[in-house]
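The stops below are meant to be selected one after another.

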Amino acid sequence: MTQQLSTLDSGQAVVYTKTNIRRAFSDFDDTDIAGMYRQEDQLLVVRNDGTQQNFAAKPVADAYKDFTSRLPNFFAYLGPNYRGPSIWRNNCYVLLKGWHYQCQGMANTFNAIAQRKWIDKFTLINDENTLISLLDRFDLGYLISPDGKLKQRTDFGLGSDLDHKDEPEPEPFCSCGSFRRQQSCLSAIRREIPDYQPCCKHIAWFKRFRDYLVKRSQLIETQRGHNATKATAWFYAPPEIGQEHGRFSIIFTKHGQNAPITKWQQYRSGEVFTEDDAWDLFDSMIDNGYVPFPHTALPSIAHAFKQS
Ligand SMILES: [Zn+2]
């Protein structure tokens, strides 16, 4: 039987990795493998001793999709001073890696300093490849276009067949290696997962962050004079060196965003929140009518938090 099986093609090799099999089947032993093959709806794993194991292919493909669209924490792609992605051109944005929030003291590292140096200068670079090389060289982040780059209009004159040529719809783009790998063998991946759209954690993060900004702006619009009566201020201390999690703290008030510190209260004091709680907590603040602010944005309470 096994002689008739062909090895995984480029798309299958991306989807049916040992890691993705383990994501789908937690007891999968990824050692001692002689070969992996695809047959009907199964994935065949042949061991070095000639024994064979069958796994359903679909859960592995689903695990691959879940993994490529996973959502990193709120701070994972914020630039200095909690800045979000900055618009570049052609419907592209620069998404910075969250170097400042990885652990205490990271603001003084080469990468973080390089981000602060470059953050307001990306628009001075006109060429996409030059910008991507810069982002790669200093490990600053990625060029990303979650809704697809704008179509490049080329006018070939009236009557030209090219005027009527069907132009492809804009497709999402990210300059990261994972996204480019998916793009390069997309038709092969689609033989395994029909209609698959390339995705990556950067695009997932960007969309979630944009949803958050839209919901927050909509809430502010409803406030008299655009000043929030119900407000929260949040503070984040990145993890200590050697620790896995940082500390996310929130205070809130019903007396206006500019209320003195005496009018604010700790949110669920006694509980410890981390970066992993931030997305859900922001949702809950906004759903309850509280506008979230980074503590640095409100002068009356900017010094209320212990810095580490
Ligand atoms: Zn990406």
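The model is a predicted one, in which local features need pLDDT of at least 70 and side-chain atom pairs count only at pLDDT 80 or more, while totals for chains, interfaces and linings use all residues. Residues are numbered from 1 along each chain as its sequence is written, and side-chain values use heavy atoms, with hydrogens and water left out.

**The sheet**

Next, display strand β5 (residues 93–96) and strand β6 (residues 141–145). Strands here are DSSP runs of E with at least two residues, helices are runs of H or I with at least four, and both are numbered from the N terminus. β5 and β6 pair in the antiparallel sense over 4 bridges; two strands pair if DSSP finds at least two bridges between them.

The hairpin of β4 and β5 has 5 residues between the strands, and Asn 90 in the turn has a positive phi of about 55°.

Now show the side chains of β5. Tyr 93 and Leu 95 point one way, Val 94 and Leu 96 point the other way, and all are buried. Buried means under 20% relative accessible area, exposed over 50%, and partly exposed in between, with a 1.4 Å probe and protein chains only.

Complete the view with β7, which pairs with β6 in the antiparallel sense over 2 bridges. Together, 4 strands form an open antiparallel sheet in the order β4-β5-β6-β7. β4 and β7 are at the edges with a single partner strand each, so one side of each has no neighbour in the sheet.

**The zinc site**

In β7, select Cys 174, which has Ile 144 opposite. Which residues coordinate the zinc ion? They are Cys 174 (SG), Cys 176 (SG), Cys 200 (SG) and His 202 (ND1), at 2.1 to 2.3 Å. Donors are N, O and S atoms within 2.8 Å of the metal (3.2 Å for Na, K and Ca); water is not among the atoms, so sites may look incomplete. The angles subtended by the 4 donor atoms are 104 to 117°, which makes the arrangement tetrahedral; four donors count as such if all angles lie between 85 and 135 degrees.

Along the chain, the donors follow the spacing C-x1-C-x23-C-x1-H. Cys 174 lies in strand β7 (residues 173–174) and Cys 200 in the loop between α8 (186–192) and α9 (201–221), so the pair ties together parts 26 residues apart in sequence. Cys 174 counts as buried at 0% relative accessibility, and Cys 200 at 1%.

**The nonpolar cores**

Move to the largest nonpolar core, where Phe 74, Phe 75, Trp 234 and Phe 248 touch the most other members among 48 residues. Such a core is a set of buried Ala, Val, Leu, Ile, Met, Phe, Trp, Tyr and Cys residues joined through side-chain atoms within 4.5 Å. The largest share of this core, 7 residues, comes from α9. A second, separate core of 19 residues includes Phe 28, Ala 57, Ile 189 and Tyr 196.

**Last stop**

Finally, select Gln 12 in helix α1 (residues 10–15). Is this residue buried or exposed? Gln 12 is buried, with a relative accessible area of 12%.

How values were computed: Tetrahedral: all angles 85-135°; square planar, octahedral: opposite > 155°, others 65-115°.
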